[in-house]
Amino acid sequence: MTHRLGEKYQSVEAFGWAARDSSGHLSPFVFSRRETGEEEVRVKVLYCGLCHSDLHCLKNEWHSSIYPLVPGHEIVGEVTEIGRKVSKFSIGDKIGVGCIVDSCRACESCREDQENYCTKSVATYNGVHYDGTVNYGGYSDHIVVDERYAVKIPHTLPLASAAPLLCAGISMYSPMKYFGLAGPGKHIGIVGLGGLGHIGVRFAKAFGSKVTVVSSTAGKSKDALEIFGADGFLVSTDEDQMQAAMGTMDGIIDTVSASHPILPLIGLLKPSGKLVLLGATEKPFDLHAFSLILGRKSIAGSAIGGIKETQEMINFAAEHGIKAEIETISMEYVNTAMDRLAKGDVRYRFVIDIANTLAVPATEAFGLAAKDESGVLSPFRFSRRETGEKDVRLKVLFCGICHTDVCMARNEWGFTTYPLVPGHEIVGVVTEVGAKVIKFKAGDKVGVGYMLSSCRSCDICTDDQENHCPKMIMTSGGKYYDDTMTYGGYSDHLVCEEDYIIRIPENLPLDAAAPLLCAGVTVYSPLKSHGLDKPGIHIGVVGLGGLGHVAVKFAKAMGTKVTVISSSDGKRDEAINRLGADLFLVSRDPEEMKDAMGTMDGIIDTVSATHPLLPLLGLLKYKGKFIMVGAPDKPLDLPALPLILGKKMVVGSMTGGIKESQEMVDFAGKHNITADIELISADYVNMAMERLEKGDVRYRFVIDVANTMKPTP
């Protein structure tokens, strides 16, 4: 839409609740709205209704959802700011925003004030705005909208009960008007007495029509007749009642979304009668053509209405005292409300009291996030929870880049949830502690590794191996107890329970210590747990990369003999003369490999690329242990005979528990062990990811978070 592309758009912070994936679960979300344009109004959201469409979109049932998704298109609020060319509204006006916030304004539909049918209409949420940004809906503190797409709410309408009229109300009003079903003498059938149906009864009665509710539930007859004023009630499963009403109705509005037969409904119509479908059923209807042909009957569909018609509907509702029957809920209750809505457990519409219950989190955070499977990281504002009684808040100073970060950012393992803030090699300084924290104080230098929490009660946790707990919560890309996503260390600060924080020894440089929180404990743990940490032991280290070079340092500090095994002879001098390895083997040299057969007590394999195991297993002594810490993406060929004949063992290992991680860092402090790093700025991260994928790093990238990660305006 070129008519406004020249305007300047900046960010204004907003807060709401969003779903991050097709689970549909909503949680707090900090995002941004554009500045108020010349013809736009900014609206403080007071109430927002829950529509069944919200539920479909949250769970991606229509296969078009864009996450993170902030729902809500039954929005009532108060104008807080207006653009200089706004003429319809003033600050303080109560207004409503429905299902659309823009359209092309030039097509036939738009010219006929039916913008809702414009092929370029922009949905209030889960749509793409003309500036290319994704729209966020009314489950939020404020919204910005062009004045053309907002309606004024008459002061006589209670705002909470008016909110559902912006979708449910206009969805019923529009077809009654368009299909000539609004007026005295008309007999209207309303199928379904739910969020749409009950409002439809009220509008039809206000038009002077005779109204019969058609429902599969006999128990709704009292509400239909006594509360909403319907003239009749039919149980659709009662053949006698349906037969007696055959040919009596001028029109029927069918609000039911569940699959159901329409032949009996068509039978209720008079000649030339109209059946209007509002509910979008999952399966197609069985259409009996003769039922239409013999009575010149028709079936039509209808969806909301244009802005002019919506304003007309709201004014009509105010004149006749029409409002929705609602259950007002808090924002905290919204996920339970969604579950109830899916079961039909609501009378008749949920409305969120946004103004009084949408609490902005205490602390805003800033970081770098991947938004999709491209894995490209870009600036991202989000929120951290308040510091709990047993929590520690730390300012992130440095964060290492692990190959796991690359895999997660690109969804190579198939379970990434976006947006993803990577980072689990985190070193920082404590800035705040909870009332019951005893291990740390403000100013302490600390680290956070691969996990933020675990169940603490299973056999694995009581054995100090929390990293293997089935309820372990990852530092990045996991889900916390309150169902919020965990965001990692590519960010300005972090909140973590004190029991999952590591103290960093004073003598260790913080930037070079960061990779120890993952790479360090990943190689330290198997050396200790498999008895390969004693003088006289001969250890092989396969691969001299981010893990391998740290493994050499730890193994040598433990007093073992170390042989580096690499496919490249170019790393020989590095391994022996700088890192202190005793020997070096080129895995592709048959003679070197043959001479070393049966000489090693254990091997730590750090290589993530596919490679043959047979030559490596041959290097092991009787009862030797082959430990895999690298995870190739394709299966490796594992020959059984070398294991059987030598009573050898192939075992896997990942990171370590908190107790072991602290022990590892203390050992590193005692022996001055750090990672060899390349310190980078935050704006170099995407380039570093590309280089890491190619193995172009010696040996670990570390982001200088504190000095280079600056919030965007």
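Rings of Phe, Tyr and Trp (for Trp, the six-membered ring) pair if their centres lie within 6.5 Å. The legends below use that rule on a predicted model.

**View 1. Four aromatic residues form one cluster.** The members are Tyr 173, Phe 203, Phe 207 and Phe 316. By the pairing rule, the count comes to 18 aromatic pairs.

**View 2. Tyr 178 and Phe 179 make an edge-to-face pair.** A pair of aromatic rings is described by the distance of the centres and the angle of the planes. Here the ring centres are 4.9 Å apart, and the planes stand at 90 degrees. Planes over 60 degrees apart count as edge-to-face, so the pair of Tyr 178 and Phe 179 gets that name. Tyr 178 is exposed, with a relative accessible area of 66%. Phe 179 is buried, at 17%.

**View 3. Helices α4 and α5 pack against each other.** Helix α4 covers residues 168-178, and helix α5 covers residues 197-206. Their axes lie 9 Å apart, at an angle of about 45 degrees. The two helices are therefore oblique to each other. Their crossing is right-handed. From α4, the contact takes in Ala 168, Gly 169, Met 172, Tyr 173 and Met 176. From α5, Ile 199, Gly 200, Phe 203 and Ala 204 meet them. By class, this contact has seven nonpolar residues, two polar and no charged ones.

**View 4. Helix α11 has buried residues, and a glycine follows the helix.** Helix α11 spans residues 334-342. Its buried residues are Val 334, Asn 335, Ala 337, Met 338, Arg 340 and Leu 341. Just after α11, Gly 344 takes a positive phi of about 75 degrees.

Methods: Residues are numbered from 1 along each chain as its sequence is written. This is a predicted model: local features need pLDDT of at least 70, side-chain atom pairs count only at pLDDT 80 or more; totals for chains, interfaces and linings use all residues. Side-chain values use heavy atoms; hydrogens and water are left out. Axes are lines fitted to C-alpha atoms, for helices over the stretch in contact, and angles run from 0 to 180 degrees between N-to-C directions. Helices (H or I, at least four residues) and strands (E, at least two) are DSSP runs, numbered from the N terminus. Angles under 35 degrees count as roughly parallel, over 145 as roughly antiparallel, 65 to 115 as roughly perpendicular and the rest as oblique. A crossing is left-handed if the near helix is turned anticlockwise from the far one by less than a right angle, and right-handed if clockwise. Contact means heavy atoms within 4.5 Å. Ala, Val, Leu, Ile, Met, Phe, Trp, Tyr, Cys and Pro count as nonpolar, Asp, Glu, Lys and Arg as charged, and the others, Gly among them, as polar. Buried means under 20% relative accessible area, exposed over 50%, partly exposed in between (1.4 Å probe, protein chains only). Rings of Phe, Tyr and Trp (its six-membered ring) pair if their centres lie within 6.5 Å; planes under 30 degrees apart count as stacked, over 60 as edge-to-face and the rest as tilted.
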